[in-house]
Amino acid sequence: MKASSLAGGMPESLKSSPASDFSFALLDEFVRLGVRDLVLCPGARSQALALAAAALEQAGSIRLHVRTDERSAGFLSVGLALETALPALVVVTSGTAVANLHPAVLEAHHAGVPMILLTADRPAELRGIRSNQTTVQSGLFGVATRLCLDVPAPVGEPDEEGIAVALARQAMDAATGGSTAAPGPAQLNLAFREPLSAARPARPTLMARSIRVTPSTSSDGPAMLLAPGLRTVVVAGDGAGPEAEELAHAGGWPLLAEVSSGARFGPNLIVHYRELLAAADLGGQVERVVVFGHPTLSREIPALIARDGVETIIVATTGLEWYNPAHAARAFTRSIGADAECVLAAQTPAAREWLGRWVMTSRALAEAAADEGRAPIDKRGITRAELAILRAPLTRTLLVDAVWRASWPHDRLVLGASRLIREADKRVPGKKITVLSNRGLAGIDGTISTALGVALASQAEPEPRSVGVTRVLMGDLTFLHDVGSLLLAPGEPEPRLQVIVGVDGGGSIFDGLEVAATASAAAMERVLYTPRSVDLKALAAGYGWDYEIAATRSELERALTGAPTRPSILEVPLVR
């Protein structure tokens, strides 16, 4: 273009754009409603949203996270929401970009995690004619969205800013469960027509006038009150929260709490619940089970619920689906408590005997299990046997024990959907720490990006929720499945995140399934274990992450004691 053509200023087509006006109004309202995080993947059709996000970041109104992979972006938003309980906005362009969000959308749907998808699309006249990057995006996620609106392209009408404001409020309400008591994904499929963006001054910060929408919990009717008289256990699955521990304590009942339940603490905790459920004089005498959250880590819990003569009550404060193995549950409620007689009955000799047998037996099993690799170090010196233990190769049990010991309330611990979370659930003692995991569908997708979201949200200034470190523990296949999420945007905050990779040569989780007894060793290796040989040190260097390897117990303890100040990878070779 000649210099003389620039003298008259910017072309008229770039001075204004309904797409930009609409995008600024939409994002402004989301900020006013309390949204603080926006995850963005670049694209042409979504450029108005992207530029509006950049302006809001510059004004200090949002935390902007830029990613190149939509699957990573989706799970990053899951991690942000797991920590804050508020939805992050996810902005993507049209076509396959939208489809790549599907795994994260499904996880958010089944786990009840709030999420708002702003998917850019072609206008009506470009659909159905094989236009590039165009497919049917509205309804792509099916029943997994709480709200899906196909929004026509703005054309500059006076009422469009009001429409944008109304859409933001509707999406926020749907994602946080305001009208359905079921937090989850909401999609605004936004058509944009050229000009796709225009120059526009940065908006001023909106934080002074922002309001916060608190995710709702349902209070459908009065709380169910439990009466005494039945031998009861309380089960806490993923996301159960401290309410499960409170009920178990009030009723004087054993607490069977999974490691990511948020209830794995207290005097009633039964760590070795699997073994005890199989015992005729303990699990065999259960008459009533109260279930909080979503149990996913054992077969014994569903088997207990399905057993004849066991009364099952399911408690879920939110959600569209009820946990109900074998369709055996008798009652479903949004809230529950123990009545006055039940609380008094907890102090009777019979109730104390019931709880005491569970607690003492579990403690005995825990002490026996803790003896693996244990050798107290004498202050006067280290014996040859103790030195041998410190130098011995690592096992899964030693790894999960060490990570659990190193984690404290000011930290965050994220567990991948591999064998290691099951090892932790079988043995780690009670501890009131924040443990998170993608257990909605329990897939290995997006574990690194989820942990990044947790770390970024928990460590965000000016008042961080966590002053410690976020650790994420996973197997090697889970790590490699999400390795692209190691690619971080320059200039964005680097969280204190330690990715701990237990390397045991592939999918060892299949060792515990029936197939291990029937398949040949060659077939197991080829199509189930699927080991991959990757140089994690070189991979870490390529992505700019710190790297360390811990092959012995002493090296592992040292690596976990020194908290990282930036993203790092800890490789832990394991004995298979």
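Helix axes are lines fitted to C-alpha atoms over the stretch in contact, and angles run from 0 to 180 degrees between N-to-C directions. Helices are DSSP runs (H or I, at least four residues) numbered from the N terminus. The model is predicted: local features need pLDDT of at least 70, side-chain atom pairs count only at pLDDT 80 or more, and totals for chains, interfaces and linings use all residues. Residues are numbered from 1 along each chain as its sequence is written, and side-chain values use heavy atoms, with hydrogens and water left out.

**View 1. Packing of helices α5 and α17.** The axes of α5 (residues 70-84) and α17 (residues 447-458) lie 6 Å apart, at an angle of about 45°. The two helices are therefore oblique to each other (angles under 35 degrees count as roughly parallel, over 145 as roughly antiparallel, 65 to 115 as roughly perpendicular and the rest as oblique).

**View 2. Residues in the contact of α5 with α17.** Contact means heavy atoms within 4.5 Å. Helix α5 contributes residues including F75, L76 and E83, while those of α17 include T450, L452 and V454. By class, the contact of α5 with α17 has 9 nonpolar, 7 polar and 1 charged residues (Ala, Val, Leu, Ile, Met, Phe, Trp, Tyr, Cys and Pro count as nonpolar, Asp, Glu, Lys and Arg as charged, and the others, Gly among them, as polar).

**View 3. The rings of W354 and W358.** The whole structure holds 2 aromatic pairs (ring centres within 6.5 Å, using the six-membered ring of Trp; planes under 30 degrees apart count as stacked, over 60 as edge-to-face and the rest as tilted). The ring centres of W354 and W358 are 5.7 Å apart and their planes stand at 70°, so this pair is edge-to-face. W354 and W358 are 4 residues apart in helix α13 (residues 349-370), and are therefore separated by about one helical turn.
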